[in-house]
Amino acid sequence: MAKDIFIIGAGTYGAVIADLAEVCGYSVSGFYDDDSSKVGKTILGKRVLGKLDCAKDIHAKANYAVAIGDNSVRILKLKEIIEGNGKIPVLIHPKAEISKYARIGKACIIHALTYIWTEAEIGDFSIVSPEVIVAHHTKVGEGCFIANGCRVGAGINIAERVFIGMGATVMTGVKKIGRDAIIGAGSVVTKDVGTESVVAGVPAKLVRKVDKV
Ligand SMILES: CC(C)(COP(=O)(O)OP(=O)(O)OC[C@H]1O[C@@H](n2cnc3c(N)ncnc32)[C@H](O)[C@@H]1OP(=O)(O)O)[C@@H](O)C(=O)NCCC(=O)NCCS
């Protein structure tokens, strides 16, 4: 029998993660969202049950998936759920290809047609979107988001909470992408990227530093 799962985040990405959870053999029991205007609505035929605190308080020991793209917000929410005794299964689409020598961390989400090569590592709480390649011996840190169609070369050290925009390429030969860096869509990264740097273009150049909140 399918195991129940709740989806945190009732936006369009919530629908995507619900779809993935079903493909992975879960039965979606409903959604939670901070936005009270979404409560009572349905997504893919399942109800938005309430605000996020309800999930933590009421459903300890239940399964959850967090459909939030923003890395810092997602990590915070995942940690709250774990502290509240909720479980966060790793969701890997059956059509993703994961080397038996790769390591996928806790609470990761790996979408279809992605290929994680030999001895690559995906850090806890990370999301890897469809049609991404993470080449061999590359380490992706905690809480990263790699968008659709990215190509990440071999032997690269990607720090925590890095966001790689859709279709970007990080070339083999790059050693390090610093924590909280953002790589623009379609960029080709040819050199190391500093902490909290926003880079974009071909070749990628510094656009600005990340705004502090
Ligand atoms: C890189 C990015 C974060 C920059 O956003 P921003 O800080 O708001 O920057 P702006 O839009 O003000 O653009 C700043 C400059 O960078 C350029 N630029 C922005 N994104 C670029 C990109 N992806 N490639 C090349 N140049 C880019 C702009 O043309 C602009 O140049 P100018 O100053 O010469 O006019 C954003 O454009 C981006 O690519 N985000 C990723 C989106 C994505 O992949 N989402 C996936 C969702 S699943």
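## Aromatic pairs

Let's start with the rings: a search of the whole structure, which is a predicted model, turns up 5 aromatic pairs. To count, rings of Phe, Tyr or Trp (its six-membered ring) need centres within 6.5 Å; planes under 30 degrees apart are called stacked, over 60 edge-to-face, and the rest tilted. One of the pairs joins phenylalanine 145 and phenylalanine 163, and it is stacked because the ring centres sit 5.6 Å apart with the planes at 15 degrees. Phenylalanine 145 belongs to strand 15 (residues 145-146) and phenylalanine 163 to strand 18 (residues 163-164), so this pair ties together parts that are 18 residues apart in sequence. Strands here are DSSP runs of E with at least two residues, helices are runs of H or I with at least four, and both are numbered from the N terminus.

A quick word on ground rules: residues are numbered from 1 along each chain as its sequence is written. In this predicted model, local features need pLDDT of at least 70 and side-chain atom pairs count only at pLDDT 80 or more, while totals for chains, interfaces and linings use all residues; side-chain values use heavy atoms, with hydrogens and water left out.

The protein chain is assigned domain 1 (3-83) and domain 2 (91-206), with bounds that come from an automatic or database domain assignment. Their C-alpha centres lie 24 Å apart. The contact (heavy atoms within 4.5 Å) takes 19 residues from domain 1 and 18 residues from domain 2.

About 1400 Å² is buried between the two domains, and carbon and sulfur atoms give 72% of that. Buried area is the accessible area (1.4 Å probe) that two parts lose on being put together, summed over both. Leu20, Asn71 and Ile75 supply 34% of what domain 1 buries against domain 2, more than any other three residues.

## Bridges, across the interface and elsewhere

Across the interface of domain 1 and domain 2, the rule finds 1 salt bridge, meaning a side-chain nitrogen of Lys or Arg within 4 Å of a carboxyl oxygen of Asp or Glu. On the domain 1 side, helix 1 (12-23), strand 5 (64-66) and helix 3 (71-83) each supply at least two residues that touch domain 2. Helix 3 gives the most, with 7 residues.

The structure as a whole holds 11 salt bridges. Among them, aspartate 124 meets arginine 103 through their side chains (3.6 Å, N to O). Aspartate 124 is in the loop between strand 11 (121-122) and strand 12 (127-128) and arginine 103 is in strand 8, so the pair ties together parts that are 21 residues apart in sequence.

Most residues other than glycine have a negative phi, and most peptide bonds are trans. Alanine 107 has a positive phi of about 60 degrees although it is not a glycine; this alanine 107 lies in the loop between strand 8 (103-104) and strand 9 (109-110).

Then there's the peptide bond from valine 202 to proline 203, which is cis, with omega near -5 degrees. Proline 203 has its place in the loop between strand 23 (197-200) and strand 24 (205-209).
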